[in-house]
Amino acid sequence: MARTKIVNINIFYTCSLEDDGKYSYLPLQELFDTLKNDYESDKEYKVVKNYNFDPIRIKSVEKSNSTGYYHIIMERLDDKPLSKTTIYGESTNIELKDNEYIGHEISILYDPTKHVMLVQRNISSLSPSGVEKFIDSIYFDYYEEYANFKFVAAIDGRAKDKALNNDIYRSIALKVTGDDTDDLLLGISGNKYEGVESVEIIISTNRSKSAELDCQTSKNLLNRWVDDNNVEKLFVKTKETEDSPVEEIDLLKQALKRTLKYSYTEGIELNAHRIYFDMVDLYRNDDDAISLLV
């Protein structure tokens, strides 16, 4: 039986948070070269940390001679009880021996030239914030200095156009500050509303799957506020077509993310290397938006 698997990818810059609150690029090439050499010198060597009570490890570090990209596989090791069953059968526990775990992998592509990381999302594995903390910790282990490592999300410049060009809107969330609050409140209060610093409104449909906001009114509202400097928040939930899934878009600073879609047959699992090669192809060849940003 053919199955469909969706793999989400986040794109970040690898940075250090400075004392003045600004970010600067943090080179990680030397760190990953050291890890790669350590792993190749001792096949049993693994860097392991604890995160949310689970062991987290770097499973492998590889570097492409042709692209210069690194492929880092990280795993969350899970020892929680699992069971297996058939649709109509009884559940049977999967026995794990002491020091045995179920591994949940993610693939990471690191481009040292542009200080960019593509991080696979896996609900069962490590989140980007977990990867961030892991790298910050091992950086200190190797260099005995605090990097204050942070991911800075690449911003998707196409998000605003996508939101404005769609015709189906389910909700709009808008927050305005300063003098422009009068414009937003005029229809509600009928006059100026003294003492107001900010106004936040949410406009939404009912829960029916077919419900949608008036298209032209929604577009007028978005176009009125999208480029206003006093807008702190502007989110929409929108669909391209009636059959498309609802997508939430931040018109001000949508984090750049992409989706890989796989069709595969039962018994053939996705593996980390297949995902990595598709990430390379996406990063280098298939996405002008990413290449322009990074």
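Helix H4 is followed by Gly190, whose phi is positive, near 85 degrees. The model is predicted. Within H4 (residues 181-189), the buried residues are Thr181, Leu184 and Leu185. Viewed down the axis of H4, these buried residues fall within an arc of 80 degrees, so they line one face of the helix.

Strand E5 is largely enclosed by the rest of the structure, because 9 of its 9 residues are buried. Tyr70, Ile72, Met74, Arg76 and Asp78 point one way from E5. His71, Ile73, Glu75 and Leu77 point the other way.

E4 and E5 run antiparallel and are joined by 7 bridges. Ile58 has Met74 of E5 as its bridge partner. The two strands form a hairpin with 6 residues between them. In that turn, Gly68 has a positive phi of about 80 degrees. E5 and E8 also run antiparallel, with 9 bridges joining them. Here Glu75 has Glu105 of E8 as its bridge partner.

The largest nonpolar core holds 29 residues. Leu28, Phe32, Ile58, Ile72, Met74, Met117 and Val131 touch the most other members. Two or more residues come from each of helix H1 (29-41), strand E3 (47-51), strand E4 (54-63), strand E5 (70-78), strand E8 (102-111), strand E9 (116-120), helix H2 (128-143) and strand E10 (149-153). H2 gives the most, with 5 residues. A second, separate core of 20 residues includes Ile9, Leu260, Tyr276 and Val280. In soluble globular proteins, nonpolar side chains tend to be buried together.

Beyond residues up to four places away in sequence, Val131 touches Met74, Ile106, Ile108, Val119, Leu126 and Phe151. Phe134 is found in H2. At 5% relative accessibility, Phe134 counts as buried. Phe134 and Val48 are 86 residues apart in sequence, yet their C-alpha atoms are 9.1 Å apart in space.

Arg258 is placed in strand E15 (residues 257-265). Arg258 counts as buried because its relative accessibility is 10%, under the 20% cut-off. Its side chain makes a polar contact of 3.3 Å with the side chain of Asp156. Lys237 is placed in strand E13 (residues 231-239). Lys237 is partly exposed, with a relative accessible area of 37%. Lys237 touches Ile168, Tyr169, Arg170, Ser171, Val246, Glu247 and Glu248, not counting residues up to four places away in sequence. Lys237 and Asn166 are 71 residues apart in sequence and 10 Å apart in space, C-alpha to C-alpha.

The cysteines complete the account. The count comes to 0 disulfides. Cys15 counts as buried, at 4% relative accessibility. Cys215 counts as partly exposed, at 22%.

Note on methods: Residues numbered from 1 in each chain as written. Predicted model: local features only at pLDDT ≥ 70, side-chain atom pairs only at ≥ 80, totals over all residues. Heavy atoms only, no water. Core = buried A, V, L, I, M, F, W, Y, C linked by side-chain atoms within 4.5 Å. Buried < 20%, exposed > 50% of the residue type's maximum accessible area, 1.4 Å probe, protein only. Helix = DSSP H or I, 4+ residues; strand = E, 2+ residues; numbered from the N terminus. Contact = heavy atoms within 4.5 Å. Disulfide = S-S within 2.5 Å. Polar contact = N/O pair within 3.5 Å; in protein donor to acceptor, adjacent residues only side chain to side chain. Arc of directions from axis to C-beta. Pairing = 2+ DSSP bridges.
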